[in-house]
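Shall we work through a structure together, one exercise at a time? Keep the viewer open and try each task before reading its solution.

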Amino acid sequence: MSAGPTVEGLLKDAADRLSAAGVPGARSDARRLMIWALGLQDGAVLEAQDDRPLSDDHVARFRDAVTERVNRRPFSQITGRRSFWTHEFLVTGDVLDPRPETETLVSAALDAHFHRLLDLGTGSGCILLSLLAERSGAQGMGVDMSKEALAVARKNASRLGVQDRATFCCSDWFSHVEGRFDLIVSNPPYISAQEMETLAPEVADWEPRVALTDERDGLTAYRSIAREVDSYLEPGGRLMVEVGATQGADVCAVFAAAGLGRAQVLQDLDGRDRVVAWRKAKGA
């Protein structure tokens, strides 16, 4: 009776399939999928199993995952998880995949005190919930047009243990928001229609298009936010939005045109524009 497939053999076959499909980092992705399929915490244990036959269930789980990755489904959607800031978030096709660059916004927001927080277009809730987890006395609201996205965010709030301090509302930006906040954050759809054609399949084909682009110049959301934000910010409150790597000056111009005055551009660890920040005057 012949032995079943081994880790080593499965990894080689998977890397070949992924490479042929044009998946970047094929060997690394194959290994990460194997670690996930076997339910391991890291790769250390995997090395000891190279020649050991696997169960039929593990083999099927791994091969199914590889097929999904060949079809360019994002790794986070296959596993249903993504690490962001200091937590692990549930991820589905209804929300954007949390990205390391967005941690620039979280870090900058934590540089000053806030008590009441609003996250516009919350998606998975990764920004809102990461901030609430860092500030035990803060309350926060996440709004999104997608009820499916809000369902994911609520689950993530429970996973992080901040569900008693986080509320969620289906809203088109400020349309169903009431009250004032001392911090408003957003990672809005900022990819232009033209840029959408250049995106990798993992993004263009699998992530929610409405969360990626305004189907125009990529600045529509900023104009909407800038028009209304003053009515929802406390005096001295802050607005912080994520922007594309070349959009800092354009978003500052949008804010100025809306009468907000001068804004500040913050860069990520790679030196690219990543956050535009504006503070309301304390006496306003």
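The exercises below go from the sheet to its strands, then to salt bridges and rings.

Before we start, a word on the ground rules: this is a predicted model, in which local features need pLDDT of at least 70 and side-chain atom pairs count only at pLDDT 80 or more, while totals for chains, interfaces and linings use all residues. Residues are numbered from 1 along each chain as its sequence is written, and side-chain values use heavy atoms, with hydrogens and water left out.

**Exercise 1. Strand 9 and its neighbours**

Find how many residues of strand 9 are buried, and name the bridge partners of L239 and V265.

*Solution.* First, the cut-offs: buried means under 20% relative accessible area, exposed over 50%, and partly exposed in between (1.4 Å probe, protein chains only). Strand 9 (residues 273-279) has 6 of its 7 residues buried.

Next, take the pairing with strand 7, which is antiparallel over 5 bridges. Here L239 has W278 in strand 9 as its bridge partner.

Then turn to strand 8 (residues 264-267), which pairs with strand 9 in the antiparallel sense over 4 bridges. V265 is bridged to V276 of strand 9. The hairpin of strand 8 and strand 9 has 5 residues between the strands, and G271 there takes a positive phi near 80°.

**Exercise 2. Salt bridges**

Find the salt-bridge partners of K12, R274 and R272, and decide whether each residue is buried, partly exposed or exposed.

*Solution.* A salt bridge is a side-chain nitrogen of Lys or Arg within 4 Å of a carboxyl oxygen of Asp or Glu. The whole structure holds 18 of them.

Begin with K12, whose partner is D16, the closest N and O atoms being 3.3 Å apart. K12 and D16 are 4 residues apart in helix 1 (residues 7-20), so about one helical turn separates them. K12 is exposed at 52% relative accessible area, while D16 is partly exposed at 43%.

Now go to R274, which meets D268 in a salt bridge at 3.2 Å, N to O. D268 is buried, at 8%, and R274 is buried as well, at 6%.

R272 comes last, with D270 as its partner, also at 3.2 Å, N to O. D270 is exposed, at 60%, and R272 is partly exposed, at 30%. Through salt bridges that share partners, E101, E242, D268, D270, R272 and R274 join into one network.

**Exercise 3. Aromatic rings**

Classify the pairs F84 with F89 and F174 with Y232.

*Solution.* The rule first: rings of Phe, Tyr and Trp (its six-membered ring) pair if their centres lie within 6.5 Å; planes under 30 degrees apart count as stacked, over 60 as edge-to-face and the rest as tilted. The count by this rule is 2 aromatic pairs.

For F84 and F89, the centres are 6.1 Å apart and the planes stand at 75°, so the pair is edge-to-face. F84 is buried at 0% relative accessible area, and F89 is likewise buried at 0%.

For F174 and Y232, 4.4 Å centre to centre and 15° between the planes make a stacked pair. This pair links distant parts of the chain, 58 residues apart. F174 is buried at 1%, and Y232 is buried at 15%.

Key: Helix = DSSP H or I, 4+ residues; strand = E, 2+ residues; numbered from the N terminus. Pairing = 2+ DSSP bridges.
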